[in-house]
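Below is a short report on one protein model.

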Amino acid sequence: MTESTDLPREHRTTLLRGGEVHSPADPFATAMVVERGHIAWVGSEGAADAFAGGVDETVDLDGALVTPAFTDAHVHTTATGLTLTGLDLSGARSLAEALRLVRVHSAAHPAGRVLMGHGWDASRWPERRHPSRAELDEASGGRPLYLTRIDVHSAVVTTALLDLVPQVTGLTGYLPDGPLTEAAHHAVRAAAHAAVTPAQREAAQRAALERAASLGIGTVHECAGPDISDEEDFTALLALAGSAPGPRVVGYWAERVADAKDARRVRELGAAGAAGDLFADGSLGSHTAHLHAPYADADHRGSAHLDAAAVAAHVTACTEAGLQAGFHAIGDAALTAVVDGVRAAAGTLGLARVRAARHRVEHAEMLTPDTIAAFAEFGLTASVQPAFDAAWGGDEGMYAQRLGVERARTLNPYAALLRAGVPLALGSDSPVTPLDPWGTVRAAAFHRTPGHRISVRAAFTAHTRGGWRAAGRDDAGTLVPGAPADYALWRTGELVVQAPDDRVARWSTDPRSGTPGLPDLTPGNPLPECLRTVVGGHTIWTNQS
């Protein structure tokens, strides 16, 4: 690709031509004009000649694909950056390898006050067990160490870290030599995060946002809250995003709202809503997701953090304040509590007001026909993570271990959600699964349970326009005149249309259908390579290779 002109970028009108522009305005578009941070025109190569003399910059796409930038609808930015710059155990293939990585990290960071790491998953290891405290004490050299499980809903720690939180042994979720959950986990997490300096935090946030930009992500939804991070971390991230070139950050603060004063405080933090990870339950991997029937591999039903009355109170207060509400809910019992609570709020306020608020639910994995119907009725957005199914789905995966094969096969029913008219927004929950937008689209289109698969186009839309809609905007996430100029350029192979129904796929590839193609995401094929990411008409990342 080539470009010309040295004018300040804020004044440039840019013509991109000679590629493939993915736009519903013109399914055969090869060119696009950007003016004052918005899309001004999309069309054919021949028509582009009329603009060539009046622009400040011309970009020769050299066959590249232009798409809307992705929106990752669920991210933990600082934790993602700390994983990128620190101890990442997500690739450890055994307990022994994980302990070796801890030893190496400890030796490389002798001055660290608290060692932090993420990503262990004993369900993937041949030993099928978590590291013991004694093993971690030895591997860390007796230093404070905090290691979150891959789902971030439990952690293993060293004796030295427990010594910093003497009250932890009396808290819910404490085990003498097991992963800590619930209040005990929150307490040791707070102690570990308190050791992160402002400079380390900013470096982590910058690393995470740069990684997102390098993958064609133009917006991230930061899911923060008092049980996850702290106000200083949240406001610092929003300030960084507002002052430095990079992806947009839409912040959610997961704290319960009881009245207008609470809602005002959430807004004063800069949050778009009292939503994100407001926990109705925990996770399946940590046995803390709240279930109607016991786990297949544990004699309990998980943990309930909110009942229907608490959900109703939060939704009612947020709706009355004009604030978006939302919840983290994974287990079927937690999802029942959420929809029952929203139903009660709708009974008080009226269905129209609740629907207009566009409240959202994160993860929403163990849905039933009844809860799917309730999502549609109340206009709830399902903010989902298809990479969860890719990582833990299938008859031999972690979900089947926790739930049994039959229940596991019901998880993450994306096709049923779309058929019911439920709005979808896709994300990663990074660092739980990595920032990987095309991989996320692939995971939705090639779900391990064939009946839950959706078309690549539907998944792509949910990962672009769907994220904007989840944040309350209908005018973005697509390359049409008037939309924000948030887009990415890609090097990729032949463009195709992929759908679970082969008849749909065959018709959609017919030129008469007017369906714009997308990269072939068949498993095994290379994913598109990002060449450039643009937000508001400004380049925030360029591939230098």
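## Cavities

A cavity is a set of points, on a 1 Å grid over the protein atoms alone, where a 1.4 Å probe fits but cannot get out; lining residues have an atom within 4 Å of a point. Grid points are joined across faces, edges and corners, and a volume is the space filled by probe spheres set on the points. This is a predicted model, in which local features need pLDDT of at least 70, side-chain atom pairs count only at pLDDT 80 or more, and totals for chains, interfaces and linings use all residues. Residues are numbered from 1 along each chain as its sequence is written, and side-chain values use heavy atoms, with hydrogens and water left out.

Two cavities reach 30 Å³ or more. The largest cavity holds about 100 Å³ of space. It has 15 lining residues, and Asp151, Ser283, Ile330, Glu365 and Phe388 are the closest to its centre. Two or more lining residues come from each of α14 (386-392) and α15 (398-403). Helices here are DSSP runs of H or I with at least four residues, strands are runs of E with at least two, and both are numbered from the N terminus. The lining of the largest cavity splits into seven nonpolar, five polar and three charged residues. In these classes, Ala, Val, Leu, Ile, Met, Phe, Trp, Tyr, Cys and Pro are nonpolar, Asp, Glu, Lys and Arg are charged, and the others, Gly among them, are polar.

The second largest cavity holds about 60 Å³. Which residues line the second largest cavity? They are Asp389, Gly393, Gly394, Tyr399, Ala408, Arg409, Leu411, His447 and Thr449. By class, this lining has three nonpolar, four polar and two charged residues.

## Salt bridges

There are 23 salt bridges in the structure. Each one puts a side-chain nitrogen of Lys or Arg within 4 Å of a carboxyl oxygen of Asp or Glu. Arg402 and Asp297 form one of them, at 3.0 Å from N to O. Arg402 sits in helix α15 and Asp297 in the loop between β14 (273-274) and α10 (308-321), so the bridge ties together parts 105 residues apart in sequence. Arg402 is buried, at 9% relative accessible area. Asp297 is partly exposed, at 36%. The cut-offs are under 20% for buried, over 50% for exposed and in between for partly exposed (1.4 Å probe, protein chains only).

Arg409, from the lining of the second largest cavity, pairs with Asp395, the closest N and O atoms being 2.6 Å apart. Asp395 is in the loop between α14 and α15, and Arg409 is in the loop between α16 (405-408) and α17 (414-420), 14 residues apart. Asp395 is partly exposed at 37%, and Arg409 is partly exposed at 35%. A further bridge joins Arg491 to Glu529, with 2.7 Å between the closest N and O atoms. Arg491 belongs to strand β19 (residues 487-491) and Glu529 to strand β22 (residues 529-535), 38 residues apart. Shared partners also join Asp121, Arg124, Arg149 and Asp151 into one network of salt bridges.

## Nonpolar cores

The largest nonpolar core has 77 residues, and Val257, Val338, Val342, Val361, Phe375, Leu417 and Leu424 have the most contacts inside it. Such a core is a set of buried Ala, Val, Leu, Ile, Met, Phe, Trp, Tyr and Cys residues joined through side-chain atoms within 4.5 Å. Helix α11 (residues 332-349) supplies the largest share of this core, eight residues. A second, separate core has 18 residues, including Val21, Leu61, Ala64 and Leu479.

Leu417 is in contact (heavy atoms within 4.5 Å) with Leu367, Ile372, Ala382, Val422 and Leu424, leaving aside neighbours within four places in sequence.

## Backbone geometry

Where is Pro431? Its place is the loop between β18 (424-426) and α18 (437-445). The peptide bond from Ser430 to Pro431 is cis, with omega near 15°.

Arg36 is not a glycine, yet its phi is positive, near 50°. Arg36 lies in the loop between β3 (31-35) and β4 (38-43) and is exposed at 71% relative accessibility. Val152 has a positive phi too, of about 65°, and is not a glycine. Val152 lies in the loop between β10 (145-149) and β11 (155-157) and is partly exposed at 22%.

Methods:
On a 1 Å grid over the protein atoms alone, a cavity is a set of points where a 1.4 Å probe fits but cannot get out, and a pocket is an open set with protein on both sides within 12 Å along at least five of seven lines; lining residues have an atom within 4 Å of a point.
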